[in-house]
Structures are given as structure tokens and as C-alpha cells.
Amino acid sequence: MAAAPASSSASASPLLLPSGPRRASASRAWLRGGGASRSRALGSDAPCCCKAAAAGGSAAQCGATDGFVISSGSSTRRGLLGVALGASALGLAALDAVAAGLPPEEKPKLCDAACESELENVPMVTTESGLQYKDIKVGQGPSPPVGFQVAANYVAMVPNGQIFDSSLEKGQPYIFRVGSGQVIQGLDEGILSMKVGGLRRLYIPGPLAFPKGLTSAPGRPRVPPSSPVVFDVNLLYIPGLDDE
């Protein structure tokens, strides 16, 4: 049976998708735009919709009244300033929490402290590509055929354990077509040999990870270009195959 089309509830993640068609949410727009949201700018040939301009006011009054910026250069500066102030506020809030003696926010994980302890005794498997993995739990279902969609939860980390992306934080599994280059190579390869219901830790080397790296965000670490990353992955089901 051919794979079913992607569910409308699937949460696209540009962190996993370095190329190809995307449905990125507005909350991820900063990643596509290089960290700054796009501001609306009005050119000299565009109609000005603000009340000040309609009454014969100046461009400056128009911007002050409606929040529009006529000059594209000013628009860029205002956009960058807004992002900088937002990041600064989040950073100050985090510092206030530390100063107050509050514990850092605990992010949801697929492998807790007990799991981490047991993982030390799980044998490491190394593939020809250099990908390494440990099976925390071997699934009892089928393995996904190349080209089929899979639904999985994942937690993505840098080697020191800091989380930079997670489907658990989004509140829904991630659905993509496995073996089709829709995600980074290491994740593609690692899931293809899993079985439904399985939980695996992938140690993805730099060449199979993010060639261009990922920028940092408040509470999330930077991923340098072609650096190793770690993924905990839980393969939930295979749409179209599980329904047969």
C-alpha cells in the first residue's frame, strides 16, 4: 500500500529538514529569516493605509500612527531591535530565575535518569556510514519501508545533553517520509532499521548531521556546522502500513 499523505496535524520541523518542501510554523520563522522577523515596509509606489497619511500627514507620522516603517532600512533596524529586545528580556528572565535560586526548567525527555543508567550497559552498534546507536527498547512492530511515512517522537541534543529541538515540547509526534531525504541523513538511516514501538538513541556524526549548523535561540544551544548530535527517537507507528 502506498504511503498516505501527511497528516494535517503533523508538526513540521525545519531543524530536521535541511532541504525540500516545508510547512514551517510561524514560531519557526526566525530560523528561515536568519533570526529577524520580516517587517512590513511601504514603498513610495505603495498606498499608505494609515490615518495620518490619508489626512496629508508625513511618512514619519504614518509610521508613528500605524507602526509601519516607510524606509526599508528603518524597517530592518526596527525588526532587528525588536528581536534583540525580546531575546534580552528572555535572557534577563532566566538570570532572574538563577539569582532567585530557582531550578532550571526541566525539558521533557524520552530517556530519564533510570534510562540513562541502564543505557551504559547497552551495546553500541556502529554502521558503515559511521552512525552509532543503542536500542533502549526494541519494538515489536514492523520496520518502515523506504518511502513510507513514519510518526515518531524525538529529542535532539548536542553531545553535552542540551536539547535543541523536541517533538515532546510541540505536543505531537513528527511525521515524515523515511529514506527520502526529508530529514538529516543520520536520522533517516537510524529509523529505517527500527521497529514500531522501539526507542533508540542515535549518535549522529557531523557528516550525517547539519552541514550548515543551526543558530542558537533563548534556552537552546547552537549547533556548529557538521558537528555531532544525539537523537533519542521513539517510532510510534507507520501511517498506511499499520492500517493494513
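Buried here means under 20% relative accessible area, exposed means over 50%, and partly exposed is in between, with a 1.4 Å probe and protein chains only.

## The model and its overall layout

This is a predicted model, in which local features need pLDDT of at least 70 and side-chain atom pairs count only at pLDDT 80 or more, while totals for chains, interfaces and linings use all residues. Residues are numbered from 1 along each chain as its sequence is written, and side-chain values use heavy atoms, with hydrogens and water left out.

Let's start with the whole protein. Its secondary structure comes to 7 helices and 7 strands, where helices (H or I, at least four residues) and strands (E, at least two) are DSSP runs numbered from the N terminus. Along the sequence, the pattern reads α-α-α-α-α-β-β-β-β-α-β-α-β-β. Of the 244 residues, 34% count as buried. Taking contacts (heavy atoms within 4.5 Å) between residues at least 6 apart in sequence, 68% join residues at least 24 apart.

## Strand S3, covered on both sides

In S3, 9 of the 9 residues are buried, so the strand is largely enclosed by the rest of the structure. In a regular strand the side chains alternate between the two faces of the sheet. Both faces of S3 are covered: one carries Gln149, Ala151, Asn153, Val155 and Met157, the other Val150, Ala152, Tyr154 and Ala156, and all of these are buried.

S3 and S4 form a hairpin with 5 residues between them, and Gly161 in the turn has a positive phi of about 100°.

## Aromatic pairs

The structure holds 5 aromatic pairs. Rings of Phe, Tyr and Trp (its six-membered ring) pair if their centres lie within 6.5 Å; planes under 30 degrees apart count as stacked, over 60 as edge-to-face and the rest as tilted. The rings of Phe164 and Phe210 have centres 6.0 Å apart and planes at 80°, so this pair is edge-to-face. The pair links distant parts of the chain, with Phe164 in strand S4 (residues 163–166) and Phe210 in the loop between S6 and S7, 46 residues apart. Both Phe164 and Phe210 are buried.

Lys134 lies in strand S2 (residues 132–137). Lys134 is buried yet has no salt bridge, and the nearest side chain of opposite charge, Glu120, is 8.0 Å away. For reference, Lys and Arg count as positive and Asp and Glu as negative, with His and the chain ends not counted, and a salt bridge is a side-chain nitrogen of Lys or Arg within 4 Å of a carboxyl oxygen of Asp or Glu. Leaving aside residues up to four places away in sequence, Lys134 touches several residues, including Leu119, Glu120, Met124, Arg200 and Tyr203. The charged end of Arg200 sits over the ring of Tyr133, 3.7 Å from its centre; this requires NZ of Lys or CZ of Arg within 6 Å of the ring centre and within 35 degrees of the ring normal.

Finally, Ser226 has a positive phi of about 50° although it is not a glycine. Ser226 is placed in the loop between strand S6 (199–204) and strand S7 (229–237), and at 43% relative accessibility it counts as partly exposed.

Key: Two strands pair if DSSP finds at least two bridges between them.
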